[in-house]
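Morning, everyone. I have one structure to go through, and I will keep to what can be computed from it.

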Amino acid sequence: MSELLEVKNLSTHFTTRDGIVKAVDDVSFSLEPGKTLAVVGESGSGKSVTALSIMRLVAEPAGRIVNGQVLFKGDDVLKMNEAQVRELRGDRIAMIFQDPMTSLNPVFRVGRQIGESLILHKGMTRKEAFERAIELLDMVGIPHSRERAKDYPHQFSGGMRQRAMIAMALACDPDILIADEPTTALDVTIQAQILELMIEMQERTGAAIIMITHDLGVVADMADDVMVMYAGRQVEYGRSDDVFHRPLHPYAWGLLDSLPRHDVDEKGVLVPITGQPPSLINVPSGCAFHPRCPYAREVCRADVPALTDIMDGHLSACHFSADSGFHRSVARPAGEVA
Amino acid sequence: MTAPASVGAKSRTLWGDAWRRLRHNKLAIIGLAWIVFVVLMTASAELWVPSTFGDPLAIDTAPGASLQSPSFEHPFGTDKLGRDVFSRVVYGARISLTVGVIAVSISLLIGVLLGAISGYYGGFTDTLVMRSADVFFAFPYILFAIALIAVLGPSYRNVFIAIGILGWPSIARVFRSSILSVKENEYVDAARAMGASDLRIMFRHIMPNAVAPIIVYGTMSIGGAIITEAALSFLGMGVQPPTPSWGLMLSDAKSLMFRAPWLTIWPGFAILTTVLSFVLMGDGLRDALDVKMKD
């Protein structure tokens, strides 16, 4: 199948007073139409910056995409001029932000705000855009949409605002929807509703989704592919089933072990990953995970492990992933986490 | 199915809320009422003032006509040229309000534009604009105004040009800081992710959220501009005789302060109350536009 989005060797660096932060370091992945890619990792692992880089939204001049290609339908987004990128944003690639409480402009009516991208990209008049916004609000499950479209954001609850954000992102029927931790700021019950809505919207519009999250439950529910990031690098990348059933990288094991589970009769406590996420200015030598890795050996301190295809499109960046004797003791069935 | 509580309720807007809060602020309403009163008086002056109290410019050299104390015929008395003081105070309001509004508009135009550019783009542009503002702040205000007038020549028009030019640095600073805080909001990123251009983000998404402090500051500045006009005219650097200006009237009256106190009291009273009204209004607006204050 043809790739909708192909990211090759993307590196985004930030210049700070303390040195250069390699927020995204040599990341490659691809996305097929209608599929969902989950990007997981701890805070500061480079998930959000990866997403922002795809849309060229990294704050300049501090942040700079120093290397790589972002091919959207074959065209390199990084080589486009400002006007071309603007045409892409919101129209072909749309984004849902983390905090719905602050992502809506307080001075605009919700309907007006949802309609804005239609005015920008589809040349609609205000009135047409507002009518369409009402339909979109209806679609994302907001009751009394006609009256509600005239409300201001502060009159909406958190869950409704996130629904409005989704409506806004879907307005132009984009090919790719980037969701940056869309449920993190919401109540648990609302989280489930919003995820369900996103799955439903994906079926309806056929948009591909890049889901940035640190919630592995979300990944299990939605993702076709999973990319695990650590300290700005990819450590594991593959089909969701593979990553859950046969995780290859010790960091992925750690992530799965630190999840609460209720599916097996284990009296065990949660196993956290010891230590702290590394500073991105002083990334540990060799494999960035080695100070926290229980299996680390000499080679891990010395050499950066390359991301290698271990089996049939399941990639891992660990020196020992290829060893048949080096695998996780208890494999967890996918789809039963969380 | 029951409708959520807010459906059907009148949709509340920032300005609607602000007006409701302003209404409860007695001092601000007194200020507003006084401003409206002064505006109505001076705007309708042609209709009734000259016919009842005499033309503000009409010099009456008849014996006994000058320096009359207040009477029915001349409620505020007459000056040394026999002109009706009431009529001059009413017409003077026109000068003061016009100077206040136009000068502040000029300041706003320059200040908002430069402040916005400065806050939005940051970096070198920001440094350039803010350091130029600092240069303006480095001069004593009234001296700078006098120097400007000296260059431009004293006239009614040059007064508001001078005051307008001198006012921009404060406006730019206030607006810049307000832009700086607004642009960090996620909805600005969201607008960019939607494909909005810099200009659109600036004017549609940032500015409407950043204007509140400027409205407050602008309102108060009108009072300041009126004072400055009066001061400049008092010093002979502003509006020229025989045009009725409050500052000029004070200047003419200063040698007669004890013989004819009404000559200083009424223009002084007009300046005091009008300036105070603008300040009270601005103060009230500050509270009213603060979204964190919930009734």
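Predicted model: local features only at pLDDT ≥ 70, side-chain atom pairs only at ≥ 80, totals over all residues.

Residues are numbered from 1 along each chain as its sequence is written, and chains are lettered from A and ligands numbered from 1 in the order in which they are written.

Chain B has twelve helices and zero strands; helices (H or I, at least four residues) and strands (E, at least two) are DSSP runs, numbered from the N terminus. Its C-alpha trace spans about 80 × 55 × 30 Å along the principal axes. Of its 295 residues, 42% are buried, meaning 20 or more other C-beta atoms, placed from the backbone, within 10 Å of the residue's own.

In chain A, an open antiparallel sheet of four strands has the order β2-β1-β4-β5. Strands pair if DSSP finds at least two bridges between them. At the edges are β2 (19-31) and β5 (75-76) of chain A, each pairing on one side only. Two antiparallel bridges join β4 (residues 63-72) of chain A to β5(A), and Phe72(A) is opposite Asp75(A) of β5(A).

Now the contact: chain A gives 27 residues and chain B 20 residues, contact being C-beta atoms, placed from the backbone, within 7 Å. On the side of chain A that touches chain B, α2 (82-88), α3 (110-122) and α5 (145-148) of chain A each supply at least two residues. The largest share, four residues, is from α3(A).

Terms used:
Contact = placed C-beta atoms within 7 Å. Buried ≥ 20, exposed ≤ 12 C-beta atoms within 10 Å, placed from the backbone.
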